[in-house]
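Please open the model in your viewer and follow the stops below in order. Each stop says what to select and what is there.

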Amino acid sequence: MTSTTLGQKVVSPVAAGDTVAAQIKSRSRPALMWRALRRDKAAVVSIGILVFLTLVAVFAPLLAPYDPLDGDASQRLEGIGTPGHLLGLDGQGRDILSRLIYGGRYSLTVAVLPVLAAAPIALLIGMFAGYFGGRTGNAVMRVLDVLFAFPVVLLAIAIAAVLGPGLANVMLAIGITMVPYMARVVYTATVQESAKEYVEAARAAGATQAQILRQQLMPNVMSPLVVYGTSLCGLMIVLAAGLSFLGVGVTPPAPDWGVMTSDGRSVLLEGYGHVATIPGLVILVAALAFNLIGDGIRDALDPHKQTS
Amino acid sequence: MSGRDVLVQAQDLRKVYAKPTLFGTGEEFVAVQGATFDVLRGETFGLIGESGSGKTTIGRMLLRLVEPTSGFVGFDGHDVTRLTPKGMRRLRQRMQIVFQDSGSAFNPRRAVGEQVAFPMRQFDLCPKNEVRDRVVDLLEHVGLRADQADRYPHEFSGGQRQRLGIARALASEPEFLLLDEPTSALDVSVQAQILNLLQQLQEERHLTMLLITHNLALVQHMCDRAAVLHHGELVESGPVDDIFHKPQNEVTRRLLDAVLEPVAA
(Lines give C-alpha, C1' and ligand atoms only; values in the text may rest on other atoms or scores of the structure.)
Protein backbone atom coordinates (compact mmCIF):
# COMPACT_ATOMS: atom_id res chain seq x y z
CA MET A 1 0.00 0.00 0.00
CA THR A 2 2.85 2.28 0.85
CA SER A 3 4.38 1.75 -2.50
CA THR A 4 1.15 2.55 -4.34
CA THR A 5 0.64 5.79 -2.48
CA LEU A 6 4.23 6.76 -2.98
CA GLY A 7 4.16 5.52 -6.53
CA GLN A 8 1.20 7.68 -7.42
CA LYS A 9 2.92 10.69 -6.02
CA VAL A 10 5.88 10.01 -8.25
CA VAL A 11 3.85 9.07 -11.29
CA SER A 12 1.58 12.09 -10.90
CA PRO A 13 2.71 14.25 -13.80
CA VAL A 14 2.65 17.69 -12.26
CA ALA A 15 3.83 19.36 -15.42
CA ALA A 16 1.22 17.60 -17.49
CA GLY A 17 -1.45 18.32 -14.90
CA ASP A 18 -3.43 20.67 -17.09
CA THR A 19 -3.71 18.32 -20.01
CA VAL A 20 -4.73 15.49 -17.71
CA ALA A 21 -7.40 17.69 -16.20
CA ALA A 22 -8.60 18.61 -19.65
CA GLN A 23 -8.83 15.00 -20.72
CA ILE A 24 -11.01 13.92 -17.86
CA LYS A 25 -14.36 12.89 -19.13
CA SER A 26 -17.14 13.02 -16.63
CA ARG A 27 -18.60 9.55 -16.63
CA SER A 28 -22.27 10.32 -16.53
CA ARG A 29 -24.14 8.49 -13.85
CA PRO A 30 -27.17 7.40 -15.89
CA ALA A 31 -24.82 5.83 -18.43
CA LEU A 32 -22.99 3.92 -15.72
CA MET A 33 -26.25 2.75 -14.21
CA TRP A 34 -27.56 1.59 -17.55
CA ARG A 35 -24.33 -0.31 -18.13
CA ALA A 36 -24.59 -2.00 -14.73
CA LEU A 37 -28.24 -2.88 -15.29
CA ARG A 38 -27.58 -4.31 -18.74
CA ARG A 39 -24.89 -6.56 -17.32
CA ASP A 40 -27.46 -8.09 -14.98
CA LYS A 41 -28.95 -10.79 -17.22
CA ALA A 42 -31.77 -11.66 -14.81
CA ALA A 43 -32.89 -8.04 -14.67
CA VAL A 44 -32.78 -7.70 -18.45
CA VAL A 45 -34.91 -10.82 -18.91
CA SER A 46 -37.29 -9.59 -16.21
CA ILE A 47 -37.69 -6.23 -17.87
CA GLY A 48 -38.43 -8.07 -21.09
CA ILE A 49 -41.09 -10.18 -19.41
CA LEU A 50 -42.83 -7.22 -17.81
CA VAL A 51 -42.71 -5.16 -20.98
CA PHE A 52 -44.23 -8.12 -22.80
CA LEU A 53 -46.98 -8.56 -20.19
CA THR A 54 -47.72 -4.85 -20.26
CA LEU A 55 -47.93 -4.69 -24.04
CA VAL A 56 -50.19 -7.72 -24.09
CA ALA A 57 -52.48 -6.08 -21.53
CA VAL A 58 -52.52 -2.79 -23.42
CA PHE A 59 -53.39 -4.44 -26.73
CA ALA A 60 -55.69 -7.01 -25.15
CA PRO A 61 -58.68 -6.30 -27.44
CA LEU A 62 -56.49 -7.02 -30.47
CA LEU A 63 -54.81 -10.10 -29.04
CA ALA A 64 -57.46 -11.93 -27.08
CA PRO A 65 -59.09 -14.66 -29.19
CA TYR A 66 -62.35 -14.62 -27.20
CA ASP A 67 -64.40 -12.35 -24.98
CA PRO A 68 -63.00 -12.72 -21.47
CA LEU A 69 -66.40 -12.44 -19.86
CA ASP A 70 -68.48 -14.59 -22.17
CA GLY A 71 -68.39 -18.31 -21.52
CA ASP A 72 -69.71 -21.39 -23.25
CA ALA A 73 -71.17 -23.58 -20.53
CA SER A 74 -71.09 -26.64 -22.74
CA GLN A 75 -67.30 -26.52 -22.88
CA ARG A 76 -66.60 -25.75 -19.22
CA LEU A 77 -63.37 -26.96 -17.63
CA GLU A 78 -61.79 -28.23 -20.84
CA GLY A 79 -58.07 -28.74 -20.30
CA ILE A 80 -54.96 -27.24 -21.80
CA GLY A 81 -54.64 -27.74 -25.53
CA THR A 82 -58.33 -27.89 -26.30
CA PRO A 83 -58.69 -27.01 -30.00
CA GLY A 84 -59.24 -23.27 -30.27
CA HIS A 85 -58.55 -22.75 -26.58
CA LEU A 86 -54.79 -23.01 -26.00
CA LEU A 87 -54.95 -22.79 -22.21
CA GLY A 88 -58.32 -24.40 -21.80
CA LEU A 89 -61.53 -23.10 -20.30
CA ASP A 90 -62.59 -22.26 -16.77
CA GLY A 91 -65.58 -23.29 -14.70
CA GLN A 92 -67.90 -21.07 -16.65
CA GLY A 93 -66.55 -22.05 -20.01
CA ARG A 94 -64.54 -18.85 -20.52
CA ASP A 95 -61.30 -18.92 -22.47
CA ILE A 96 -58.46 -18.79 -19.93
CA LEU A 97 -55.94 -17.27 -22.34
CA SER A 98 -58.27 -14.38 -23.12
CA ARG A 99 -58.92 -13.80 -19.45
CA LEU A 100 -55.19 -13.81 -18.75
CA ILE A 101 -54.59 -11.27 -21.50
CA TYR A 102 -57.27 -8.96 -20.17
CA GLY A 103 -56.39 -9.72 -16.56
CA GLY A 104 -53.02 -8.02 -16.91
CA ARG A 105 -54.86 -4.74 -17.14
CA TYR A 106 -56.11 -5.09 -13.59
CA SER A 107 -53.31 -7.07 -12.02
CA LEU A 108 -50.34 -5.11 -13.33
CA THR A 109 -51.98 -1.83 -12.36
CA VAL A 110 -52.77 -3.11 -8.92
CA ALA A 111 -49.21 -4.42 -8.58
CA VAL A 112 -47.44 -1.19 -9.46
CA LEU A 113 -49.61 1.83 -8.69
CA PRO A 114 -50.10 1.40 -4.93
CA VAL A 115 -46.38 0.84 -4.45
CA LEU A 116 -45.46 3.80 -6.63
CA ALA A 117 -47.90 6.00 -4.73
CA ALA A 118 -46.85 4.81 -1.29
CA ALA A 119 -43.10 5.04 -1.93
CA PRO A 120 -42.68 8.84 -1.91
CA ILE A 121 -44.90 9.19 1.15
CA ALA A 122 -42.95 6.48 2.95
CA LEU A 123 -39.68 8.08 1.86
CA LEU A 124 -40.73 11.41 3.31
CA ILE A 125 -42.01 10.02 6.61
CA GLY A 126 -39.13 7.60 7.08
CA MET A 127 -36.42 10.13 6.29
CA PHE A 128 -37.86 12.84 8.51
CA ALA A 129 -38.43 10.50 11.43
CA GLY A 130 -35.03 8.91 10.96
CA TYR A 131 -33.03 12.07 10.46
CA PHE A 132 -34.60 14.45 12.96
CA GLY A 133 -35.40 11.65 15.41
CA GLY A 134 -36.09 12.91 18.89
CA ARG A 135 -39.56 12.91 20.30
CA THR A 136 -41.34 13.77 17.06
CA GLY A 137 -39.56 11.06 15.14
CA ASN A 138 -40.33 8.58 17.87
CA ALA A 139 -43.97 9.58 17.95
CA VAL A 140 -44.28 9.14 14.17
CA MET A 141 -42.74 5.68 14.30
CA ARG A 142 -44.97 4.63 17.21
CA VAL A 143 -48.03 5.63 15.19
CA LEU A 144 -46.74 3.47 12.35
CA ASP A 145 -46.19 0.65 14.84
CA VAL A 146 -49.87 0.84 15.72
CA LEU A 147 -50.73 0.43 12.03
CA PHE A 148 -48.34 -2.53 11.95
CA ALA A 149 -50.35 -4.23 14.63
CA PHE A 150 -53.33 -4.53 12.27
CA PRO A 151 -53.24 -7.44 9.85
CA VAL A 152 -52.68 -5.94 6.40
CA VAL A 153 -55.75 -7.53 4.87
CA LEU A 154 -57.97 -6.40 7.73
CA LEU A 155 -56.71 -2.83 7.45
CA ALA A 156 -57.17 -2.85 3.68
CA ILE A 157 -60.69 -4.21 4.07
CA ALA A 158 -61.52 -1.52 6.60
CA ILE A 159 -60.23 1.22 4.32
CA ALA A 160 -61.86 -0.24 1.22
CA ALA A 161 -65.11 -0.66 3.11
CA VAL A 162 -65.07 3.00 4.08
CA LEU A 163 -64.20 4.14 0.56
CA GLY A 164 -66.52 1.71 -1.15
CA PRO A 165 -65.65 -1.03 -3.65
CA GLY A 166 -63.88 -0.51 -6.95
CA LEU A 167 -60.40 -0.88 -8.33
CA ALA A 168 -59.26 2.67 -7.54
CA ASN A 169 -60.34 2.41 -3.93
CA VAL A 170 -58.70 -0.96 -3.55
CA MET A 171 -55.43 0.48 -4.79
CA LEU A 172 -55.77 3.38 -2.42
CA ALA A 173 -56.46 1.01 0.46
CA ILE A 174 -53.50 -1.20 -0.39
CA GLY A 175 -51.25 1.82 -0.87
CA ILE A 176 -52.15 3.20 2.54
CA THR A 177 -51.51 -0.13 4.24
CA MET A 178 -48.09 -0.37 2.60
CA VAL A 179 -46.89 3.04 3.81
CA PRO A 180 -45.89 1.93 7.34
CA TYR A 181 -43.91 -1.03 5.99
CA MET A 182 -42.01 1.01 3.46
CA ALA A 183 -41.53 3.90 5.88
CA ARG A 184 -40.00 1.49 8.38
CA VAL A 185 -37.46 0.36 5.79
CA VAL A 186 -36.57 3.97 4.95
CA TYR A 187 -36.43 4.91 8.63
CA THR A 188 -33.97 2.16 9.49
CA ALA A 189 -31.72 3.03 6.57
CA THR A 190 -31.87 6.74 7.42
CA VAL A 191 -30.94 6.18 11.06
CA GLN A 192 -28.00 4.05 9.93
CA GLU A 193 -26.77 6.49 7.32
CA SER A 194 -27.29 9.60 9.48
CA ALA A 195 -24.76 8.30 11.96
CA LYS A 196 -22.06 8.11 9.31
CA GLU A 197 -19.40 10.74 9.14
CA TYR A 198 -20.08 11.90 5.60
CA VAL A 199 -23.29 13.46 6.90
CA GLU A 200 -21.28 15.28 9.56
CA ALA A 201 -18.77 16.34 6.92
CA ALA A 202 -21.56 17.87 4.86
CA ARG A 203 -22.81 19.73 7.89
CA ALA A 204 -19.28 20.93 8.64
CA ALA A 205 -19.14 22.21 5.07
CA GLY A 206 -22.19 24.36 5.70
CA ALA A 207 -24.85 22.13 4.18
CA THR A 208 -28.43 22.94 5.11
CA GLN A 209 -30.73 20.26 6.51
CA ALA A 210 -32.53 20.11 3.18
CA GLN A 211 -29.24 19.60 1.33
CA ILE A 212 -28.21 16.84 3.72
CA LEU A 213 -31.52 15.05 3.32
CA ARG A 214 -31.68 15.39 -0.44
CA GLN A 215 -28.06 15.11 -1.57
CA GLN A 216 -26.49 12.95 1.09
CA LEU A 217 -29.15 10.72 2.60
CA MET A 218 -31.69 10.19 -0.16
CA PRO A 219 -29.38 8.43 -2.62
CA ASN A 220 -28.30 6.12 0.18
CA VAL A 221 -31.75 5.13 1.42
CA MET A 222 -33.26 4.65 -2.05
CA SER A 223 -31.74 1.22 -2.64
CA PRO A 224 -33.42 -0.63 0.22
CA LEU A 225 -36.69 1.12 -0.65
CA VAL A 226 -36.49 0.09 -4.30
CA VAL A 227 -35.73 -3.52 -3.43
CA TYR A 228 -38.48 -3.66 -0.84
CA GLY A 229 -40.97 -1.85 -3.06
CA THR A 230 -40.47 -4.17 -6.02
CA SER A 231 -40.75 -7.20 -3.76
CA LEU A 232 -44.14 -5.87 -2.66
CA CYS A 233 -45.47 -5.68 -6.24
CA GLY A 234 -46.08 -9.41 -6.45
CA LEU A 235 -47.72 -9.40 -3.07
CA MET A 236 -50.08 -6.64 -4.18
CA ILE A 237 -51.59 -8.86 -6.90
CA VAL A 238 -52.36 -11.52 -4.32
CA LEU A 239 -53.63 -9.00 -1.79
CA ALA A 240 -55.94 -7.44 -4.36
CA ALA A 241 -57.22 -10.93 -5.17
CA GLY A 242 -57.91 -11.49 -1.49
CA LEU A 243 -59.88 -8.28 -1.33
CA SER A 244 -61.84 -9.25 -4.45
CA PHE A 245 -62.63 -12.58 -2.85
CA LEU A 246 -64.04 -10.69 0.12
CA GLY A 247 -66.14 -8.56 -2.17
CA VAL A 248 -64.31 -5.23 -1.87
CA GLY A 249 -61.93 -5.45 -4.78
CA VAL A 250 -62.16 -6.11 -8.47
CA THR A 251 -65.69 -7.33 -8.92
CA PRO A 252 -66.20 -10.62 -10.75
CA PRO A 253 -66.53 -11.44 -13.55
CA ALA A 254 -63.66 -9.00 -14.27
CA PRO A 255 -60.66 -11.15 -15.22
CA ASP A 256 -58.10 -10.22 -12.54
CA TRP A 257 -55.28 -12.81 -12.22
CA GLY A 258 -55.83 -13.10 -8.52
CA VAL A 259 -59.57 -13.51 -8.98
CA MET A 260 -58.92 -16.18 -11.63
CA THR A 261 -56.72 -18.09 -9.19
CA SER A 262 -59.33 -18.01 -6.48
CA ASP A 263 -62.03 -19.02 -9.01
CA GLY A 264 -59.95 -22.06 -9.85
CA ARG A 265 -59.72 -23.01 -6.19
CA SER A 266 -63.28 -24.40 -6.18
CA VAL A 267 -62.60 -26.88 -8.98
CA LEU A 268 -59.03 -27.69 -7.91
CA LEU A 269 -59.97 -30.79 -5.96
CA GLU A 270 -62.19 -32.05 -8.75
CA GLY A 271 -59.06 -32.55 -10.79
CA TYR A 272 -59.17 -29.37 -12.87
CA GLY A 273 -55.88 -27.95 -11.64
CA HIS A 274 -55.18 -25.83 -14.69
CA VAL A 275 -57.83 -23.23 -13.88
CA ALA A 276 -55.99 -22.07 -10.76
CA THR A 277 -52.47 -23.05 -11.75
CA ILE A 278 -52.16 -21.06 -14.98
CA PRO A 279 -52.98 -17.62 -13.54
CA GLY A 280 -51.01 -18.60 -10.43
CA LEU A 281 -47.95 -19.23 -12.55
CA VAL A 282 -48.38 -15.92 -14.32
CA ILE A 283 -48.53 -14.14 -10.95
CA LEU A 284 -45.41 -16.04 -9.87
CA VAL A 285 -43.51 -15.06 -12.99
CA ALA A 286 -44.58 -11.42 -12.72
CA ALA A 287 -43.70 -11.26 -9.01
CA LEU A 288 -40.32 -12.85 -9.66
CA ALA A 289 -39.67 -10.40 -12.47
CA PHE A 290 -40.47 -7.45 -10.19
CA ASN A 291 -38.09 -8.81 -7.55
CA LEU A 292 -35.25 -9.36 -10.00
CA ILE A 293 -35.70 -5.90 -11.46
CA GLY A 294 -35.53 -4.54 -7.91
CA ASP A 295 -32.24 -6.34 -7.34
CA GLY A 296 -31.00 -5.07 -10.68
CA ILE A 297 -31.86 -1.48 -9.85
CA ARG A 298 -30.18 -1.81 -6.46
CA ASP A 299 -27.00 -3.04 -8.12
CA ALA A 300 -27.23 -0.38 -10.78
CA LEU A 301 -27.42 2.29 -8.08
CA ASP A 302 -24.43 0.85 -6.26
CA PRO A 303 -21.17 2.55 -7.28
CA HIS A 304 -19.25 -0.63 -6.45
CA LYS A 305 -21.08 -2.42 -9.22
CA GLN A 306 -21.03 0.49 -11.65
CA THR A 307 -17.30 0.71 -11.86
CA SER A 308 -16.05 -2.81 -11.20
CA MET B 1 0.59 36.05 11.39
CA SER B 2 0.46 37.09 14.99
CA GLY B 3 1.76 34.12 16.91
CA ARG B 4 0.00 34.06 20.20
CA ASP B 5 -3.59 35.23 20.24
CA VAL B 6 -6.42 32.83 20.98
CA LEU B 7 -8.33 31.41 18.00
CA VAL B 8 -10.49 28.78 19.62
CA GLN B 9 -11.68 28.98 23.16
CA ALA B 10 -13.57 26.38 25.18
CA GLN B 11 -15.04 27.37 28.51
CA ASP B 12 -16.61 24.98 30.96
CA LEU B 13 -17.99 22.80 28.15
CA ARG B 14 -20.41 20.15 29.28
CA LYS B 15 -22.27 17.50 27.36
CA VAL B 16 -24.85 15.26 28.90
CA TYR B 17 -26.51 12.58 26.82
CA ALA B 18 -29.97 11.60 27.90
CA LYS B 19 -31.67 8.68 26.36
CA PRO B 20 -35.06 9.98 25.23
CA THR B 21 -37.89 7.68 26.09
CA LEU B 22 -41.57 7.90 25.38
CA PHE B 23 -42.20 9.45 28.77
CA GLY B 24 -39.69 12.16 29.70
CA THR B 25 -35.98 11.58 29.68
CA GLY B 26 -34.27 8.42 30.80
CA GLU B 27 -30.81 7.77 32.14
CA GLU B 28 -28.27 10.51 31.80
CA PHE B 29 -24.67 10.07 30.81
CA VAL B 30 -22.13 12.82 31.34
CA ALA B 31 -19.78 12.65 28.36
CA VAL B 32 -17.84 15.84 29.02
CA GLN B 33 -17.78 18.32 31.86
CA GLY B 34 -15.83 21.37 32.84
CA ALA B 35 -13.66 21.39 29.74
CA THR B 36 -11.79 24.71 29.56
CA PHE B 37 -8.87 25.36 27.23
CA ASP B 38 -7.61 27.74 24.55
CA VAL B 39 -6.11 26.96 21.19
CA LEU B 40 -3.69 29.65 20.07
CA ARG B 41 -3.51 30.82 16.50
CA GLY B 42 -0.97 28.85 14.49
CA GLU B 43 -0.31 26.15 17.06
CA THR B 44 -1.18 22.48 17.16
CA PHE B 45 -3.03 21.60 20.30
CA GLY B 46 -3.35 17.97 21.37
CA LEU B 47 -6.34 16.44 23.08
CA ILE B 48 -5.24 13.16 24.63
CA GLY B 49 -7.48 10.54 26.10
CA GLU B 50 -8.46 6.90 26.06
CA SER B 51 -11.43 5.84 24.00
CA GLY B 52 -14.62 6.96 25.67
CA SER B 53 -12.94 9.84 27.46
CA GLY B 54 -15.01 12.40 25.58
CA LYS B 55 -12.31 13.80 23.32
CA THR B 56 -14.30 13.33 20.13
CA THR B 57 -17.35 14.95 21.76
CA ILE B 58 -15.29 17.99 22.73
CA GLY B 59 -14.00 18.32 19.18
CA ARG B 60 -17.52 18.09 17.75
CA MET B 61 -18.73 20.73 20.19
CA LEU B 62 -16.00 23.15 19.11
CA LEU B 63 -17.35 22.89 15.56
CA ARG B 64 -20.90 22.73 16.84
CA LEU B 65 -21.52 19.45 15.14
CA VAL B 66 -22.71 18.43 18.60
CA GLU B 67 -24.65 20.95 20.67
CA PRO B 68 -23.06 21.51 24.08
CA THR B 69 -25.39 21.06 27.04
CA SER B 70 -23.79 24.11 28.59
CA GLY B 71 -20.61 26.13 28.33
CA PHE B 72 -19.09 28.47 25.81
CA VAL B 73 -17.16 28.06 22.58
CA GLY B 74 -15.42 31.06 21.08
CA PHE B 75 -13.94 31.24 17.61
CA ASP B 76 -11.99 34.38 16.77
CA GLY B 77 -14.37 36.54 18.79
CA HIS B 78 -17.57 34.78 17.67
CA ASP B 79 -19.74 33.04 20.20
CA VAL B 80 -20.12 29.74 18.36
CA THR B 81 -22.73 28.38 20.77
CA ARG B 82 -25.08 31.30 20.17
CA LEU B 83 -24.78 31.85 16.43
CA THR B 84 -27.91 31.56 14.33
CA PRO B 85 -27.99 28.57 11.96
CA LYS B 86 -27.21 30.92 9.08
CA GLY B 87 -24.35 32.65 10.88
CA MET B 88 -23.01 29.27 11.90
CA ARG B 89 -23.04 28.00 8.33
CA ARG B 90 -21.07 31.04 7.28
CA LEU B 91 -18.50 30.54 10.04
CA ARG B 92 -18.02 26.90 9.07
CA GLN B 93 -15.95 28.02 6.12
CA ARG B 94 -13.18 28.85 8.61
CA MET B 95 -13.27 25.61 10.62
CA GLN B 96 -13.02 22.15 9.12
CA ILE B 97 -12.63 18.57 10.25
CA VAL B 98 -10.69 15.49 9.16
CA PHE B 99 -12.31 12.28 10.29
CA GLN B 100 -10.84 9.12 11.72
CA ASP B 101 -12.73 6.59 9.68
CA SER B 102 -12.08 7.61 6.13
CA GLY B 103 -14.29 4.74 4.97
CA SER B 104 -17.49 6.39 6.15
CA ALA B 105 -16.30 9.99 5.84
CA PHE B 106 -17.26 10.06 2.16
CA ASN B 107 -20.66 9.49 0.66
CA PRO B 108 -20.33 6.13 -1.15
CA ARG B 109 -22.63 7.27 -3.94
CA ARG B 110 -20.95 10.44 -5.09
CA ALA B 111 -17.70 10.93 -6.95
CA VAL B 112 -14.99 12.15 -4.60
CA GLY B 113 -14.15 15.21 -6.69
CA GLU B 114 -17.74 16.35 -6.33
CA GLN B 115 -17.48 15.90 -2.57
CA VAL B 116 -14.25 17.88 -2.38
CA ALA B 117 -15.88 20.57 -4.50
CA PHE B 118 -18.92 20.85 -2.25
CA PRO B 119 -17.43 23.29 0.32
CA MET B 120 -16.10 25.48 -2.51
CA ARG B 121 -19.53 25.73 -4.07
CA GLN B 122 -21.29 26.05 -0.74
CA PHE B 123 -19.16 28.97 0.39
CA ASP B 124 -19.00 30.41 -3.10
CA LEU B 125 -15.23 30.63 -2.98
CA CYS B 126 -14.58 30.75 -6.69
CA PRO B 127 -16.43 31.08 -10.00
CA LYS B 128 -18.30 27.93 -11.00
CA ASN B 129 -16.11 27.23 -14.00
CA GLU B 130 -12.97 27.24 -11.85
CA VAL B 131 -14.20 24.75 -9.27
CA ARG B 132 -12.99 21.79 -11.29
CA ASP B 133 -9.48 23.19 -11.65
CA ARG B 134 -9.29 24.02 -7.98
CA VAL B 135 -10.33 20.50 -7.03
CA VAL B 136 -7.67 19.06 -9.29
CA ASP B 137 -5.04 21.39 -7.81
CA LEU B 138 -6.04 20.38 -4.33
CA LEU B 139 -5.95 16.67 -5.14
CA GLU B 140 -2.49 16.97 -6.63
CA HIS B 141 -1.40 19.00 -3.67
CA VAL B 142 -2.27 16.20 -1.26
CA GLY B 143 -0.60 13.62 -3.50
CA LEU B 144 -3.45 12.31 -5.62
CA ARG B 145 -4.00 12.38 -9.38
CA ALA B 146 -6.36 14.62 -11.28
CA ASP B 147 -8.14 11.72 -12.97
CA GLN B 148 -9.06 10.26 -9.58
CA ALA B 149 -11.59 13.04 -9.05
CA ASP B 150 -14.26 11.06 -10.89
CA ARG B 151 -13.78 7.93 -8.86
CA TYR B 152 -15.94 6.72 -6.03
CA PRO B 153 -14.71 6.40 -2.44
CA HIS B 154 -14.47 2.59 -2.49
CA GLU B 155 -11.86 2.78 -5.24
CA PHE B 156 -9.31 4.30 -2.88
CA SER B 157 -7.07 2.83 -0.18
CA GLY B 158 -7.30 4.01 3.42
CA GLY B 159 -4.30 6.28 3.06
CA GLN B 160 -5.61 7.78 -0.18
CA ARG B 161 -8.99 8.37 1.38
CA GLN B 162 -7.36 10.17 4.26
CA ARG B 163 -5.60 12.39 1.73
CA LEU B 164 -9.00 13.04 0.19
CA GLY B 165 -10.35 13.86 3.63
CA ILE B 166 -7.62 16.43 4.05
CA ALA B 167 -8.27 17.84 0.59
CA ARG B 168 -11.96 18.23 1.39
CA ALA B 169 -11.18 19.89 4.72
CA LEU B 170 -8.87 22.35 2.96
CA ALA B 171 -11.33 23.07 0.16
CA SER B 172 -12.99 25.89 2.09
CA GLU B 173 -9.59 27.39 2.95
CA PRO B 174 -10.11 27.19 6.69
CA GLU B 175 -7.93 28.63 9.44
CA PHE B 176 -8.72 25.91 11.92
CA LEU B 177 -8.50 22.18 11.30
CA LEU B 178 -9.87 19.62 13.72
CA LEU B 179 -8.06 16.31 13.29
CA ASP B 180 -10.05 13.53 14.89
CA GLU B 181 -7.68 10.57 15.18
CA PRO B 182 -6.55 11.19 11.61
CA THR B 183 -4.09 8.31 11.47
CA SER B 184 -5.34 5.66 13.86
CA ALA B 185 -7.04 3.68 11.09
CA LEU B 186 -3.89 3.61 8.95
CA ASP B 187 -0.83 1.42 9.02
CA VAL B 188 2.38 2.86 10.36
CA SER B 189 4.16 3.81 7.15
CA VAL B 190 1.08 5.55 5.78
CA GLN B 191 0.60 7.30 9.12
CA ALA B 192 3.97 8.98 8.72
CA GLN B 193 3.11 10.20 5.23
CA ILE B 194 -0.17 11.69 6.40
CA LEU B 195 1.47 13.39 9.36
CA ASN B 196 4.16 14.89 7.17
CA LEU B 197 1.52 16.11 4.75
CA LEU B 198 -0.37 17.75 7.60
CA GLN B 199 2.74 19.46 8.92
CA GLN B 200 3.66 20.69 5.47
CA LEU B 201 0.16 22.05 4.91
CA GLN B 202 0.13 23.73 8.30
CA GLU B 203 3.30 25.58 7.44
CA GLU B 204 2.07 26.63 3.98
CA ARG B 205 -1.36 27.74 5.08
CA HIS B 206 -0.69 28.90 8.63
CA LEU B 207 -3.26 26.48 9.95
CA THR B 208 -4.28 26.15 13.56
CA MET B 209 -4.86 22.51 14.39
CA LEU B 210 -6.48 20.54 17.16
CA LEU B 211 -5.28 16.96 17.18
CA ILE B 212 -7.47 14.44 18.94
CA THR B 213 -5.67 11.20 19.65
CA HIS B 214 -4.95 8.43 22.11
CA ASN B 215 -1.43 8.15 20.77
CA LEU B 216 1.06 10.02 22.94
CA ALA B 217 3.87 9.68 20.45
CA LEU B 218 1.73 11.56 17.94
CA VAL B 219 1.20 14.41 20.38
CA GLN B 220 4.91 14.62 21.08
CA HIS B 221 5.63 14.68 17.37
CA MET B 222 2.98 17.16 16.30
CA CYS B 223 1.81 19.36 19.15
CA ASP B 224 2.94 22.47 20.97
CA ARG B 225 0.53 22.21 23.83
CA ALA B 226 -1.88 19.54 24.92
CA ALA B 227 -4.59 18.57 27.40
CA VAL B 228 -5.27 15.17 28.94
CA LEU B 229 -8.82 13.92 29.27
CA HIS B 230 -10.10 11.32 31.65
CA HIS B 231 -13.76 10.29 31.95
CA GLY B 232 -14.93 13.53 30.38
CA GLU B 233 -12.81 15.87 32.45
CA LEU B 234 -9.57 17.65 31.66
CA VAL B 235 -7.06 16.48 34.22
CA GLU B 236 -4.02 18.30 32.96
CA SER B 237 -3.03 20.75 30.28
CA GLY B 238 0.05 22.70 29.29
CA PRO B 239 3.07 22.60 26.99
CA VAL B 240 3.74 19.13 25.63
CA ASP B 241 7.25 19.01 27.11
CA ASP B 242 5.89 19.65 30.59
CA ILE B 243 3.22 17.00 30.23
CA PHE B 244 5.73 14.45 29.09
CA HIS B 245 8.53 15.24 31.50
CA LYS B 246 6.76 16.57 34.58
CA PRO B 247 3.30 14.97 34.57
CA GLN B 248 1.25 16.46 37.38
CA ASN B 249 -1.59 14.02 37.36
CA GLU B 250 -1.85 10.33 38.10
CA VAL B 251 -3.84 9.71 34.88
CA THR B 252 -1.15 11.33 32.75
CA ARG B 253 1.53 9.26 34.47
CA ARG B 254 -0.42 6.09 33.84
CA LEU B 255 -0.86 7.00 30.15
CA LEU B 256 2.86 7.69 29.84
CA ASP B 257 3.77 4.44 31.59
CA ALA B 258 1.51 2.50 29.29
CA VAL B 259 3.38 3.63 26.20
CA LEU B 260 5.73 1.00 24.93
CA GLU B 261 9.21 2.36 24.49
CA PRO B 262 9.78 2.56 20.75
CA VAL B 263 12.68 0.56 19.45
CA ALA B 264 15.29 2.97 18.12
CA ALA B 265 14.64 3.31 14.43
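Two strands pair if DSSP finds at least two bridges between them. Strands (E, at least two residues) and helices (H or I, at least four) are DSSP runs, numbered from the N terminus. This is a predicted model, in which local features need pLDDT of at least 70 and side-chain atom pairs count only at pLDDT 80 or more, while totals for chains, interfaces and linings use all residues. Residues are numbered from 1 along each chain as its sequence is written, chains are lettered from A and ligands numbered from 1 in the order in which they are written, and side-chain values use heavy atoms, with hydrogens and water left out.

**Stop 1: a strand in chain B**

Select strand β3 of chain B, residues 44-48. Its partner β9(B), residues 225-230, runs parallel to β3(B) and is joined to it by 4 bridges; here Gly46(B) stands opposite Ala226(B).

How many of the 5 residues of β3(B) are buried? The count is 5 of the 5, so the strand is largely enclosed by the rest of the structure. Buried means under 20% relative accessible area, exposed over 50%, and partly exposed in between (1.4 Å probe, protein chains only). Show the side chains: Phe45(B) and Leu47(B) point one way, and Thr44(B), Gly46(B) and Ile48(B) the other.

**Stop 2: aromatic rings**

Rings of Phe, Tyr and Trp (its six-membered ring) pair if their centres lie within 6.5 Å; planes under 30 degrees apart count as stacked, over 60 as edge-to-face and the rest as tilted. Over all chains there are 5 aromatic pairs. One of them joins Phe37(B) and Phe45(B), stacked at 5.2 Å centre to centre with 10 degrees between the planes. Phe37(B) is buried at 5% relative accessible area, and Phe45(B) is buried at 1%. In chain A, select Phe128(A), Tyr131(A) and Phe132(A), which form one aromatic cluster.

**Stop 3: the nonpolar cores**

A nonpolar core is a set of buried Ala, Val, Leu, Ile, Met, Phe, Trp, Tyr and Cys residues joined through side-chain atoms within 4.5 Å. The largest has 81 residues, and those touching the most other members include Phe37(B), Leu47(B) and Ile166(B). Helix α6(B), residues 188-205, gives this core its largest share, 6 residues. Finish in chain A, where Leu77(A), Leu108(A), Ala173(A) and Tyr198(A) are among the members of a second, separate core of 64 residues.
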